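Walk through this model with the coordinates open. Start from a single residue, then widen the view to the sheet and the cores.

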Amino acid sequence: MRHAAHKAAKVSNERFSVAKALFTSSRGSHTAKAVRMVQLANGEGAVVGLEPAVAEKLNEVAPMSRRAMREAARVAGRRSAFMASASLAALVGTAATAMAVGQQNASEMTFADNATTTTQMKRVSDNAASRSESRSGLDALASTSNSGDWQLGETSSSMDANLLSKSIADNPNVAVLMDQDAGLLPSGFNPNHDTGDTGNDYPYGQCTWWAYTRRAQLGLPAGSHFGNARSWGDSARALGYWVDNTARHVGDIVVFAPGQQGADSYYGHVAIVEEVNADGSIKISESNVKGLGVISDRTFTAQEASQLTYIHY
């Protein structure tokens, strides 16, 4: 006798157990759970006993078939491409608009520098020449001449002897005289020789006193101890003075030998040249000829002047 097995209960597809579908441990794509979940995802069924919102959410995350997944990917790709194209178009449009506005603003913009002042240049006179006007030759415009005398300052007398002289003399007045005597000076002449000048030690009113005094007024040296008038030439020559028999400049010391031209027969006489004339004659100033301390003058012809001795510098 066969024992009959219990008859399996029939279960309707529509009454499929949710617990079995969700919690049965199974593998493969053809299990009851997988098939039912696909049906639910495709809208062919609904989870029984769940709230509609929960069921809808489960339907969204439920496993999909490979075909559904490919279709979803294609839709998502098309959506992404459309969004990217739209975004790019919007970006290009925005950039083009910004460039157009920028160009318009740049064309209308005016730059100003508050620290700069623009000055309108005006013609000085109607006679002023410009680049577009013809010009007269330089010869026609010249108003000066290359002929005439040149003066330094108001008169030539304002010249500085220190600037004019080429001499090495320490005394500027001697330097000027040396320039005038260029080529006539004795060989090896030293303009900076010892002058022997330590002050006027000659007796007041004598001819020697006046000769020293007048030389000092003219800025020329004279020895303080030349001795008697007759020895002045030798004393000066011994110190390096230029001594000869030719009157050359105002300020030269004239030495008379004893008895010469009325000089004292023992002491001789000295005086100062005040003028040297073109014919060789000279005019002198002297003291003690007409009285002690009395200054007087005399004139000698060129012949007479050539017989006298002169101390220059």
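Glutamate 286 sits in strand S4 (residues 282-287). Helices (H or I, at least four residues) and strands (E, at least two) are DSSP runs, numbered from the N terminus. The model is predicted: local features need pLDDT of at least 70, side-chain atom pairs count only at pLDDT 80 or more, and totals for chains, interfaces and linings use all residues. Residues are numbered from 1 along each chain as its sequence is written, and side-chain values use heavy atoms, with hydrogens and water left out.

Is glutamate 286 buried or exposed? Its relative accessible area is 0%, so glutamate 286 counts as buried. Buried means under 20% relative accessible area, exposed over 50%, and partly exposed in between (1.4 Å probe, protein chains only). The side chain of glutamate 286 has a polar partner: a polar contact of 2.6 Å joins it to the side chain of arginine 298. A polar contact is a pair of N or O atoms within 3.5 Å; within protein, one must be able to donate a hydrogen and the other to accept it, and residues adjacent in sequence count only if both atoms are side-chain atoms. Not counting residues up to four places away in sequence, glutamate 286 touches Trp210, His269, Ala271, Val294, Ile295, Ser296 and Arg298. Contact here means heavy atoms within 4.5 Å.

Now look at arginine 214, in helix H8. Arginine 214 has 18% relative accessibility and therefore counts as buried. Its side chain makes a polar contact of 3.0 Å with the side chain of glutamate 274. Beyond residues up to four places away in sequence, arginine 214 touches Ile272 and Glu274.

Next, the sheet. Strands of a sheet pair through backbone hydrogen bonds, either parallel or antiparallel. Here six strands form an open sheet in the order S1-S6-S2-S3-S4-S5, with antiparallel pairing. Strand S1 (243-244) and strand S5 (295-300) are the edges, each pairing on one side only. Two strands pair if DSSP finds at least two bridges between them. S2 and strand S6 (residues 309-311) pair in the antiparallel sense over three bridges. Valine 255 stands opposite threonine 309 in S6. H8 packs on the sheet and touches S2, S3, S4, S5 and S6. The direction of H8 makes about 40° with that of S3. Axes are lines fitted to C-alpha atoms, for helices over the stretch in contact, and angles run from 0 to 180 degrees between N-to-C directions.

What about the nonpolar side chains? In soluble globular proteins, they tend to be buried together. A nonpolar core is a set of buried Ala, Val, Leu, Ile, Met, Phe, Trp, Tyr and Cys residues joined through side-chain atoms within 4.5 Å. The largest such core has 18 residues, of which Trp232, Ile253, Val270 and Ile311 touch the most other members. Helix H8 (207-217), helix H9 (232-239), strand S2 (253-256) and strand S3 (269-276) each give two or more residues to this core. H8 supplies the largest share, five residues. Apart from this core lies another, of twelve residues, including Ala247, Phe256, Ala263 and Ile282.

Leucine 184 lies in the loop between helix H7 (172-180) and H8. Its relative accessible area is 48%, so leucine 184 is partly exposed.

Finally, the whole chain. It holds ten helices and six strands. Buried residues make up 24% of its 313 residues.
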